[in-house]
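Colleague: Can you walk me through this one? I'd like the ligand contacts and some helix packing.

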Amino acid sequence: NGGATNAAGSDGEAAPVPRPLTPPRKVALITGITGQDGSYLTELLLSKGYEVHGLIRRSSNFNTQRLDHIYHDPHAVPSSPRPPMRLHYADLSDSSSLRRALDAISPDEVYNLAAQSHVAVSFEIPDYTADVTATGALRLLEAVRLARRPIRYYQAGSSEMFGSTPPPQSEDTPFHPRSPYAAAKVAAHWYTVNYREAYGLFACNGVLFNHESPRRGENFVTRKITRAVGRIKVGLQTKVFLGNLSAARDWGFAGDYVEAMWLMLQQDQPGDYVVATEESHTVEEFLQAAFGYAGLNWKDHVVIDKKYFRPAEVDSLKGDSTKARRELKWKPKVGFQQLVEMMVDHDIELAKKEKVLVDAGYRREDTLAWHFDSKGL
Ligand code: NDP
Ligand code: GDR
């Protein structure tokens with residue numbers, strides 16, 4: 001097997017010691033596995049040979065669409081070995097469910113990606129946002145601390161924590177959160193630092209700037225725009241209603257960012273890292289790039305609606321990810337224009353499929369508009 005250590009036999013020859021053919025695979029637990037990042041991280045860890053466990057919360061609808069392509073039905077091949085990905089019911093608001101999950105799974109690494117992650121929504125449900133996004137992280141850290149064996153912990157921090165502190169933002173930049181979501185993430189950040197300092201946990205904060213993909217939730221601005229571009233292109237929609245177009249964000253590709261999460265947990269020492277492209281664009285520039293790529297003029301289709309403005313805005317984010325680039329040897333592979341094109345291409349194809357359903361009478365044309373309109377997001 002190539003890796004056996006040898007003990008001296010009676011004749012002085014090295015006696016082979018039987019060893020398993022392959023080392024035991026690492027076990028990871030991901031909270032928020034059904035979200036954008038959860039699905040990309042699952043793919044990454046599976047490609048590295050991990051056994052991946054995910055926590056899902058109860059919903060009245062199935063919420064595993066982003067994982068459907070990874071799932072293998074154990075009933076279809078009953079004699080196969082343990083499936084590499086499994087899901088368990090738990091909730092960040094329920095400590096006992098987190099402790100039970102850790103007991104049952106006994107992971108090497110825990111990635112805490114679960115959160116009420118929408119900034120505008122956090123103004124509507126601040127108490128719930130604090131409970132899940134801040135106290136949820138604390139509950140999980142406590143469960144990790146009490147686990148039977150050492151576990152490496154990743155906390156999904158956010159550039160929103162910098163809030164109104166001007167760019168460029170690095171690990172040394174002071175936080176000034178501008179929403180209940182951002183304040184909750186600051187609390188989760190400091191819980192993580194505190195558990196590292198107080199109990200010696202291998203716990204890392206990834207301070208990630210905005211990252212997008214064709215799997216991005218449809219009520220975040222980039223995906224809202226590319227969904228609109230696709231539907232306008234095929235004739236399912238004519239207008240898209242948006243809020244503040246002058247906010248600037250440092251937008252990267254989610255597939256690149258999950259790699260940084262994994263790298264943090266492979267280091268000799270735990271630490272906190274800013275992860276960013278170091279390039280910033282306004283929402284208007286994103287509009288220009290997305291509509292322009294599809295051969296459309298955004299000014300013919302965008303209507304400003306006050307209800308999409310936030311009580312307090314984060315005007316400008318642009319990361320300085322020198323530390324991650326130096327220590328993790330991480331850098332983004334997908335640039336701004338490539339990201340926009342990837343999302344627009346995907347959403348034009350999606351809109352074409354929707355049109356088939358609408359034309360056949362199986363779907364209402366205006367369902368997407370209704371979702372945005374009713375929720376004001
Ligand atoms: P998503 O909103 O796509 O996913 C959030 C995940 O959290 C979903 O799986 C959701 O489950 C789960 N979740 C929500 N509430 C609970 C709960 N009470 N218990 C258990 N699970 C819950 O987020 P992203 O994938 O975009 O982001 C991942 C993490 O990174 C989040 O913590 C986010 O705040 C943070 N972040 C994201 C950035 C980005 O640009 N994407 C940038 C910086 C930080 P369900 O599917 O059931 O809703
Ligand atoms: P953000 O992302 O708040 O940065 O949080 P979002 O895409 O929601 O907003 C980005 C900027 O666009 C402006 N905007 C609009 N936003 C939405 N959602 N809908 C609109 O119609 C609209 N019009 C203009 C916003 O005002 C804002 O300035 C994301 C989330 O993924 C967080 O979980 C994560 O922590 C941060 O990114 C980094």
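Modeller: A polar contact here is a pair of N or O atoms within 3.5 Å; within protein, one must be able to donate a hydrogen and the other to accept it, and residues adjacent in sequence count only if both atoms are side-chain atoms. This is a predicted model: local features need pLDDT of at least 70, side-chain atom pairs count only at pLDDT 80 or more, and totals for chains, interfaces and linings use all residues. Side-chain values use heavy atoms, with hydrogens and water left out, residues are numbered from 1 along each chain as its sequence is written, and chains are lettered from A and ligands numbered from 1 in the order in which they are written.

Colleague: Which atom of glycine 243 is 2.9 Å from a nitrogen of ligand 2?

Modeller: A polar backbone atom of glycine 243.

Colleague: And what does arginine 249 do with ligand 2?

Modeller: A polar side-chain atom of arginine 249 lies 2.9 Å from an oxygen atom of the ligand. For glutamate 313, a side-chain N or O atom is 2.6 Å from an oxygen atom of ligand 2.

Colleague: Switching to helices. At what angle do α4 and α5 pack?

Modeller: About 15°, with axes 8 Å apart; α4 covers residues 126-145 and α5 residues 180-199. They are therefore roughly parallel (angles under 35 degrees count as that).

Colleague: Which residues of α4 and α5 meet?

Modeller: Among them, Ala130, Leu138 and Arg145 in α4, and Tyr181, Ala188 and Tyr199 in α5; contact means heavy atoms within 4.5 Å.

Colleague: How do α1 and α7 cross?

Modeller: At roughly 65°, their axes coming within 9 Å.

How values were computed
Axes fitted to C-alpha atoms, helices over the stretch in contact; angles between N-to-C directions. Helix = DSSP H or I, 4+ residues; strand = E, 2+ residues; numbered from the N terminus. Parallel < 35°, antiparallel > 145°, perpendicular 65-115°, else oblique.
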